Amino acid sequence: MVAFGKKLKERQIQEWQGFYINYKLMKKRVKQYANQIEVGTQDRRHVLKDFSRMLDNQIEKIVLFILEQQGQLASRLTKLREQHDALEEQPEISQITELREAYRTVGQDLLKLLYFVEMNAIGLRKILKKFDKRFRYRFTDYYVKTRANHPYSQLQQVFKHVGLGAVVGAISRNLHELQDREGSYLSIYDPPALPLQDPVVDAIKAAVDRLSYSTNFLNFLAQHALIMQEELPAPADERIDEEKYHFMSLLLNLANTFLYMVNTYIIVPTADDYSMSLGAAATVCGIVIGAMAVAQVFSSVYFSAWSNRSYFRPLIFSSIVLFVGNAMYAMAYDMNSLTVLLLGRLFCGFGSARAVNRRYISDCVPLKIRMQASAGFVSASALGMACGPALAGILQTNFKIYKFTFNQNTLPGWVMALAWIVYLIWLWISFKEPSHDIEEPNASGSETVENGAVEEGKQPLLITSEEKQEDDEDPEDDGSEEATEEYRQPATSFISAYRLLTPSVKVQLLIYFMLKYAMEILLSESSVITTYYFSWSTSTVAIFLACLGLTVLPVNIVVGSYITNMFEDRQILLASEIMVCIGILLSFHMIIPYTVPQYVCSGLIMFVSAEVLEGVNLSLLSRVMSSRLSRGTYNGGLLSTEAGTIARVIADATITLAGYLGQSQLLNVTLLPSLLICVASIVATCFTYNSLY
């Protein structure tokens, strides 16, 4: 969050003003400590002891106030319970309505308390991070371990909020009982529970989720989309979200994501055969596959800019261009033209609307279901990646209608052209353009995002990466409103976006580049390699690639549900990089004959490890990306997309260039850059995090 001290002062509840963390005082104290150590008037040990005592006092003040407010809420709920019991004997509709409103009023007060806890949690995290950064000392780890695990821990009261959970349960249960259920005796504890349609309870659940410790699969998967979550919204923002939301439009948005991924990978098993049928070398498949990624580098930018003004028109344009591109791809066979083939793939890349898909979810899906929609975006991509090669394996036939040939090479183009026509008709009939507020490049910072661990579901004080912004450069330091406005503006170019990236974010983008490069090498050359070494048919290659694609969701279930709750992100990140490196090393063809088990096992290790790495890397990236990169054309999603797309372009170009050395050298020559980039990313990861901590 930019200018947290100023934002804390503006948004704190006035009657609770004296109970918030004194962030400004603690920030000044950190600066005093630094000056005292620099001139030699204080030693480090005394500073640590004094700062720990100061933090303890601040946390105790916060916790005692929380407990006091919890007691008041519990007392009010007890009185409402007595009224509830009396109404069960003599029910009256007017009194039931009044009681329901009374519970909602308590819910609103609980929501204020949860927001109080959230603001203080963010303040604690930020001041700890500031201390670590200023003194190059891992004070956060020491403080959290000594305080959080103590039987009388007050820190746990802030972040586990067990008492608050009991209040949430009481409000939810009683509102559920007061709901008109036509005589049903089911409660919230009975399966299947009846849905409770109450905006207060939904808002409370969203606030509790933002303070939650654990990472679940859905949350972990949703973070892969790099769709930044916003702060606790005002009721007016919730109403705007509800007005924009249209389920069928969201479904069409996800369908576009799925079809595009199918379109990307459906040609992989047959691209080498298609190239050879047009008189080119088999390794030209690298250019054929990569042409789509080349165009996507440019299309991502103009689609991202276009989505500032509309969603419907970009999706229409995308569908038309993809139809034309696939038709050209299919007709290149009868025209015997490699140029038409490549132009067809370029057109397909120019129709990539993934930037629009992300932006629609970010802007038009209510916060309470945005996580599910983000997870749907990632799942649609994974399913498309698996279905593409599988579909290519089915399309094994050969016939002719008039002058058009339909075989394993052309059918992927014809099938996808038909699919995009059907999608275009569905889109035209069913999509609803939401009311769209045009976002100017110098938009206000009211929509800035705090992506800290408190809101994203990880342990809020176990910091795993750099702060999104340099706290020492907070505009609040000079009191300039113009400076604050400047710091809240979204990036207006790739250069300004790059300047907002901290060293750890740059390393994470390098990791993303590396894993996309390695995966593209594995997938794109699979048909050529397996045909040369094992004489695999197109169907066998398609099955292999489909099986790899099907591992995506199971791997993310295991990582999101279990592994991320057992290990720190940095540990998983480094271990995954090492496993990718091992997979690459095992893939090399050395002296012994190259066998199917070696290729399949090494490919599986590389692919699965890269999937784990991608999940953890994007999950971490979504939490540390600058809030200024959450909106506008040049956002965090666009940067990550460009990094991955450029990696795919370079990988496919590497395959084609290596083909000049002969197919016998293709495997080792293409794996060598993968190995070098992987080793570089491991070194960068170790160096960056060791220097920070």
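This is a predicted model: local features need pLDDT of at least 70, side-chain atom pairs count only at pLDDT 80 or more; totals for chains, interfaces and linings use all residues.

Numbering runs from 1 along each chain as its sequence is written, and side-chain values use heavy atoms, with hydrogens and water left out.

Start with a cartoon view: the chain has 29 helices and 2 strands (DSSP runs, H or I of at least four residues and E of at least two, numbered from the N terminus). Of its 693 residues, 57% count as buried, meaning under 20% relative accessible area with a 1.4 Å probe and protein chains only; exposed is over 50%, partly exposed in between.

Next, select Tyr 423, Leu 427, Phe 431, Leu 515, Val 580, Ile 584 and Phe 607, the residues with the most contacts inside the largest nonpolar core, which has 121 residues. Such a core is a set of buried Ala, Val, Leu, Ile, Met, Phe, Trp, Tyr and Cys residues joined through side-chain atoms within 4.5 Å. Helix H22 (residues 503-524) gives this core its largest share, 14 residues.

Now pick Val 47, Leu 87, Phe 116 and Leu 128: they are included in a second, separate core of 47 residues.

Last stop, the surface: Phe 399, Ile 401, Tyr 402 and Phe 404 form a nonpolar patch. Zoom in on Phe 404, which lies in strand S2 (residues 404-406) and is partly exposed, at 36% relative accessible area.

Technical notes. Patches are made of residues with over 30% relative accessible area and no salt bridge: like charges are joined within 9 Å, nonpolar side chains (Val, Leu, Ile, Met, Phe, Trp, Tyr) within 5 Å. Accessible areas come from the Shrake-Rupley method with a 1.4 Å probe; for residues, only the protein chains shown count as cover. A salt bridge is a side-chain nitrogen of Lys or Arg within 4 Å of a carboxyl oxygen of Asp or Glu.
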